[in-house]
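User: Could you go through this structure with me? I would like to begin with the packing of its side chains.

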Amino acid sequence: MDLKLSYVEPELGTTVIVVGGELDAHTAPKLKERLAHLIEGGTHQLIIDLEGLEFLDSTGLGALLSALKRARAHDGSVDIICTQIHILRIFKITSLDRVFDIYDSASDVFATRSGKKG
């Protein structure tokens, strides 16, 4: 199965990247390139929706970490949407649940961001 990507901009300056399929050694370079392009193009607030993801490996995690590092270099952020237990387990096993903020929905991300501002 291939990687499926789509983009939504619910708020100015924030892009939601919806990821589906498999994020592995074969598909991670595509995601890494797209995320780098977005960040270098001025989008420093990213939300990556992994709800449609069926498989995630270490190469996929590396692509997400690379995006986080790039975004933070521009005072940005990369938040993750995921409720799937098998994907969340990978974040927990690798302790990346301590690196990424993981939410149940985009509205939860925006609510948290609003709370941080006020």
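User: Which residues does F91 touch, leaving out those up to four places away in sequence?

Analyst: This is a predicted model. In it, F91 touches L50, L56, L61, L64, I80, L96, D97, F100 and I102.

User: Is F91 buried or exposed?

Analyst: F91 has 0% relative accessibility, so it counts as buried, the cut-off being under 20%.

User: And how many residues are in the largest nonpolar core?

Analyst: That core has 28 residues, and L50 and F91 are those with the most contacts inside it. At least two core residues come from each of β1 (3-11), β2 (14-23), α1 (28-40), β3 (45-56), α2 (58-73), β4 (77-81) and α3 (85-93). The element that gives the most is α2, with six residues. There is also a second, separate core of six residues, including V16, I47, I81 and V109.

User: New topic: the helices. How do the axes of α1 and α2 cross?

Analyst: Their axes come within 9 Å and cross at roughly 10°. Angles under 35 degrees count as roughly parallel, and therefore α1 and α2 are roughly parallel to each other.

User: Which residues make the contact?

Analyst: On the α1 side they are A28, L31, K32, L35, A36, I39 and E40, and on the α2 side T59, G60, A63, L64, S66, A67, R70 and A71. By class, the contact has nine nonpolar, three polar and three charged residues.

User: Now the backbone. What is the phi of D75, and where is D75?

Analyst: D75 is not a glycine, yet it has a positive phi of about 55°. D75 is placed in the loop between α2 and β4. Its relative accessibility is 73%, so D75 counts as exposed.

User: What about S95?

Analyst: S95, although not a glycine, has a positive phi of about 65°. This residue lies in the loop between α3 and β5 (101-103). At 32% relative accessibility, S95 counts as partly exposed.

Key. Residues numbered from 1 in each chain as written. Predicted model: local features only at pLDDT ≥ 70, side-chain atom pairs only at ≥ 80, totals over all residues. Heavy atoms only, no water. Core = buried A, V, L, I, M, F, W, Y, C linked by side-chain atoms within 4.5 Å. Buried < 20%, exposed > 50% of the residue type's maximum accessible area, 1.4 Å probe, protein only. Helix = DSSP H or I, 4+ residues; strand = E, 2+ residues; numbered from the N terminus. Contact = heavy atoms within 4.5 Å. Axes fitted to C-alpha atoms, helices over the stretch in contact; angles between N-to-C directions. Parallel < 35°, antiparallel > 145°, perpendicular 65-115°, else oblique. Nonpolar A, V, L, I, M, F, W, Y, C, P; charged D, E, K, R; others polar.
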